[in-house]
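These are my notebook entries on one protein chain, kept in the order in which I looked things up.

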Amino acid sequence: MTGKQMRQWRSMCKGLVLGTLLTSCMILLYCLSTPQIHVSLPEVPVPYSCAHRPSQLHSKATINSSQRNSGQTCVAKVDIMFMKTHKTASSTFLNILFRFGEKHRLKFAFPDSRNDFFYPSPFQRSQVKDYKPGMCFNIICNHMRFNAPEMAKLLPMDTSYITILRDPAELFESSFHYFGRLVPFTWKIPGDDKLTEFLLDPSKYFDPEGFNSFYLKNLLFFDFGQDNTLELDDPRVEEGIKLISDRFQLVMLVEHFEESLILLKDALCWEMDDLLFFKLNARKGSTVSKLTPELRARALEWNAIDWKLYQHFNQTFWKKVDAYGRQRMAEDVTELRERNKVMASICIEGGHAVEAGNIQETDMQPWQPIGEKSIMGYNLKKNVDKAHQKLCRKMLMPEIQYLTELGVNLWITKLWGHVRDIINW
């Protein structure tokens with residue numbers, strides 16, 4: 001056998017070994033990620049919060065807009081269901097929630113072994129780590145497919161339900177680029193500009209029964225537990241939007257994130273300090289949409305249910321802003337932005353986000369999509385003064401690392417991360 005043949009055989013053997021390893025890992029991950037068989041759990045109501053009340057929670061002397069006429073003070077609300085939708089700056093809001101929960105020593109309902117509640121299967125309370133009927137939790141906020149009846153059996157009756165939406169055209173663009181490699185039907189789309197090719201004729205490539213197909217059609221509606229493949233005039237679309245509207249007290253908007261946080265502060269009686277944030281999990285070059293007006297129109301037509309959902313809550317959002325007061329809102333947004341700028345100057349090396357390859361600390365490396373490093377992160381400034389060291393690190397910490405610090409065992413997520421690294425290699 002010649003040297004060239006030997007090298008070919010060696011290469012084939014390496015490929016077989018690597019292929020076998022990857023296949024075994026994928027089968028293992030699939031088995032572990034398969035939704036658990038849910039046994040019937042006894043229904044034990046959770047009528048009261050288990051938060052450290054009232055001495056360890058602040059009571060504001062200032063009044064929020066809903067109490068302006070009554071002259072009553074308010075106490076910070078700490079029982080929160082945050083519906084974490086995909087590609088909607090929700091990782092940034094999660095960081096706010098994590099810090100608020102730590103500050104008030106609240107109990108999180110976390111998933112077990114991974115960073116989501118067995119998405120895309122509907123949420124079940126048995127998926128909560130160490131769950132037993134009657135247990136009390138204050139905050140739940142990881143990715144899930146919303147299931148209102150199960151959620152009602154987990155949290156106190158007066159829990160505040162919060163979520164966030166994003167312009168569906170831009171969400172679709174972001175989702176296509178981020179999740180495209182996880183949706184097999186996109187693999188056959190020809191050319192380099194797969195997004196444009198897809199939008200020119202979506203039905204040519206879309207299989208509603210295809211694996212992970214929900215990522216690329218009405219993803220918001222799907223996240224809320226609804227059928228994302230309905231026709232727009234199907235009465236179940238209006239019913240679904242009404243169910244969401246009746247359940248969620250505040251629907252925030254990515255495009256008006258600071259205004260959303262001010263409305264949150266008002267609704268939950270929080271402090272301005274609770275709202276400080278840095279933009280996390282941002283995609284490189286994502287600040288400006290690359291959709292042409294024609295492609296944007298096509299994206300909205302393809303995601304028509306999400307567009308209807310967004311338009312509905314865009315109207316309710318601005319009604320809340322009007323009730324709060326436009327001038328008052330502008331002043332509060334200005335204050336929040338100024339305080340965030342101050343924190344950036346204290347915490348962030350260079351004052352801005354950097355590409356993944358330029359992040360110095362492993363603990364500050366954000367989770368990346370398969371095959372690329374497009375998610376940006378931050379370098380913690382050296383020699384941060386002692387008063388801000390802990391806060392700076394927490395504000396800059398990516399979601400996966402923060403979850404680990406909060407005691408979540410993410411071994412399935414981390415195993416999947418190692419498989420991704422091998423694929424990228």
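**Entry 1: Val333.** I am working from a predicted model, and I began with Val333, which I found in helix α12, the helix of residues 326-347. Is Val333 buried or exposed? Its relative accessibility is 5%, so I noted Val333 as buried, the limit being under 20%. I then looked up its partners beyond the neighbours within four places in sequence, and found Val333 in contact with Glu258, Glu259 and Ile262. For one of these, Glu259, I also took the C-alpha separation from Val333, which is 6.3 Å although the two residues are 74 apart along the chain.

**Entry 2: the helices that pack against α12.** I stayed with α12 and asked at what angle α11 and α12 pack. The angle is about 95° and the axes are 6 Å apart, and because angles of 65 to 115 degrees count as roughly perpendicular, I described α11 and α12 that way. On the α11 side I listed Trp318, Val321, Asp322 and Tyr324, which meet Arg326, Arg328, Met329 and Asp332 of α12. Sorted by class, the residues of this contact are 4 nonpolar and 4 charged, with no polar ones.

I next turned to helix α13, residues 389-396, which packs with α12 at an angle of about 105°, the axes being 10 Å apart. I therefore noted α12 and α13, too, as roughly perpendicular to each other. Here Met343, Ile346 and Cys347 of α12 meet Leu391, Cys392, Met395 and Leu396 of α13. By class, I recorded 7 nonpolar residues for the contact of α12 with α13, and neither polar nor charged ones.

**Entry 3: α4 and α10.** I looked up one further helix pair, α4 (residues 168-179) and α10 (residues 293-302), whose axes come within 8 Å and cross at roughly 90°. The two helices are therefore roughly perpendicular. Which residues make the contact? From α4 I wrote down Pro168, Ala169 and Phe172, and from α10 Arg296, Ala299, Leu300 and Trp302. The class count for α4 with α10 is 6 nonpolar residues, no polar ones and 1 charged.

**Entry 4: Glu399.** I placed Glu399 in helix α14, which covers residues 399-405. Its relative accessibility is 14%, so Glu399 counts as buried. Which side chain does the side chain of Glu399 meet in a polar contact? It is that of Ser91, at 3.0 Å. Setting aside neighbours within four places in sequence, I listed Lys84, Ser91, Leu94, Phe98 and Asn115 as the residues in contact with Glu399.

**Entry 5: backbone details in the loops.** I went through the loop between α2 (90-103) and β4 (139-140), where Pro120 lies. Tyr119 and Pro120 are joined by a cis peptide bond, with omega about 15°. Arg105 lies in this loop between α2 and β4 as well, and I noted its positive phi of about 55°, given that Arg105 is not a glycine.

A positive phi is also what I found for Asn218, again a residue other than glycine, with a value near 50°. Asn218 sits in the loop between α6 (202-205) and α7 (219-223). Are these two residues buried or exposed? Arg105 has a relative accessible area of 51% and is exposed, the limit being over 50%, whereas Asn218, at 1% relative accessibility, counts as buried.

Among contacts between residues at least 6 apart in sequence, 74% join residues at least 24 apart.

Key: Residues are numbered from 1 along each chain as its sequence is written. This is a predicted model: local features need pLDDT of at least 70, side-chain atom pairs count only at pLDDT 80 or more; totals for chains, interfaces and linings use all residues. Side-chain values use heavy atoms; hydrogens and water are left out. Axes are lines fitted to C-alpha atoms, for helices over the stretch in contact, and angles run from 0 to 180 degrees between N-to-C directions. Helices (H or I, at least four residues) and strands (E, at least two) are DSSP runs, numbered from the N terminus. Angles under 35 degrees count as roughly parallel, over 145 as roughly antiparallel, 65 to 115 as roughly perpendicular and the rest as oblique. Contact means heavy atoms within 4.5 Å. Ala, Val, Leu, Ile, Met, Phe, Trp, Tyr, Cys and Pro count as nonpolar, Asp, Glu, Lys and Arg as charged, and the others, Gly among them, as polar. Buried means under 20% relative accessible area, exposed over 50%, partly exposed in between (1.4 Å probe, protein chains only). A polar contact is a pair of N or O atoms within 3.5 Å; within protein, one must be able to donate a hydrogen and the other to accept it, and residues adjacent in sequence count only if both atoms are side-chain atoms.
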